[in-house]
Amino acid sequence: EWVTIEGKIVALTPPVTPSIAQTGIIADSSGAIRFVAWARGNPPAMEYGHWYRIESAVVDEYKGTPNLKIHSGTTISRVEEDVPLLPSITTISGLKPGVGSVRAKVIQDWEVSHDRMLQTGLLGDETGTIKFVIWKEDGKEKLELDTVYNIYYAAVDEYNGRLSLTLNTAMYISDE
């Protein structure tokens, strides 16, 4: 499926392989999607917090998660607008693979099982619970136990039929 979208870059993540130029999340008022820009298409680098129009990209699913693929036939142009974006908060039970925003409480803080892991545990709201992980990265901070957070643009993945949140793409703010 070929698409044209206009959106704001709300997260950039380090590419896992040299064949990828950029990965991250692009969002508009209707939602957010993860994107991959392939290096061989030589795409212009997009900057965090700016709006872009992306034409002739491809949407497909990778491991059940929708993905926007930017390739050699894709046109990227910067759009000079700054519309305030308010991500829509869903309940934990309403999350689907892709990108999600939730208001949830840290109900368990587990011992990390991997040296690259900053924190892992369980988040909960009135509809259910979900595992979360934060990988070690500059500027990333741990969540406090028993604190409620607004978490915007977390990556939602599915493993063995269970959803989990990775908060490295997310902005999280404790809720007063």
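**Before you start**

This is a predicted model: local features need pLDDT of at least 70, side-chain atom pairs count only at pLDDT 80 or more, and totals for chains, interfaces and linings use all residues. Residues are numbered from 1 along each chain as its sequence is written, and side-chain values use heavy atoms, with hydrogens and water left out.

**Stop 1: the largest pocket**

Select R34, A155, D157, Y159 and T166. Of the 39 lining residues of the largest pocket, these are the closest to its centre. The volume of this pocket is about 1400 Å³. A pocket is found on a 1 Å grid over the protein atoms alone: it is an open set of points where a 1.4 Å probe fits, with protein on both sides within 12 Å along at least five of seven lines, and lining residues have an atom within 4 Å of a point. Points are joined across faces, edges and corners, and the volume is the space filled by probe spheres set on them.

Now colour the strands (DSSP runs of E, at least two residues, numbered from the N terminus). β2 (20–28), β3 (31–38), β5 (65–70), β8 (117–125), β9 (128–135), β10 (148–159) and β11 (162–166) each supply at least two residues of this lining. Which strand gives the most to the lining of the largest pocket? It is β9, with six residues.

Next, colour by class. Ala, Val, Leu, Ile, Met, Phe, Trp, Tyr, Cys and Pro count as nonpolar; Asp, Glu, Lys and Arg as charged; the others, Gly among them, as polar. The lining of the largest pocket has 19 nonpolar, 10 polar and 10 charged residues.

**Stop 2: the second largest pocket**

Select S30, G31, A32, I33 and V99. They lie nearest the centre of the second largest pocket, which is lined by 30 residues. Its volume is about 600 Å³. β1 (2–13), β2, β3, β5, β7 (98–110) and β10 each supply at least two lining residues here. By class, the lining has 16 nonpolar, 10 polar and four charged residues.

**Stop 3: salt bridges**

A salt bridge is a side-chain nitrogen of Lys or Arg within 4 Å of a carboxyl oxygen of Asp or Glu. The count comes to seven. For each partner, check its cover: buried means under 20% relative accessible area, exposed over 50%, partly exposed in between (1.4 Å probe, protein chains only).

- Select K69 and D60. Their closest N and O atoms are 2.8 Å apart. K69 is buried at 17%, while D60 is partly exposed at 28%.
- Select R53 and E55. Here the closest N and O atoms are 3.6 Å apart. R53 is partly exposed at 32%, and E55 is partly exposed at 27%.
- Select E80 and R78. This bridge spans 3.7 Å, N to O. E80 is exposed at 67%, while R78 is partly exposed at 39%.

**Stop 4: the loop between β3 and β4**

Select Y48. This residue is in the loop between β3 and β4 (51–62). Is Y48 buried or exposed? Y48 is exposed, at 51%. Move on to G49, in the loop between β3 and β4. G49 is partly exposed, at 26%.

Methods: Helices (H or I, at least four residues) and strands (E, at least two) are DSSP runs, numbered from the N terminus.
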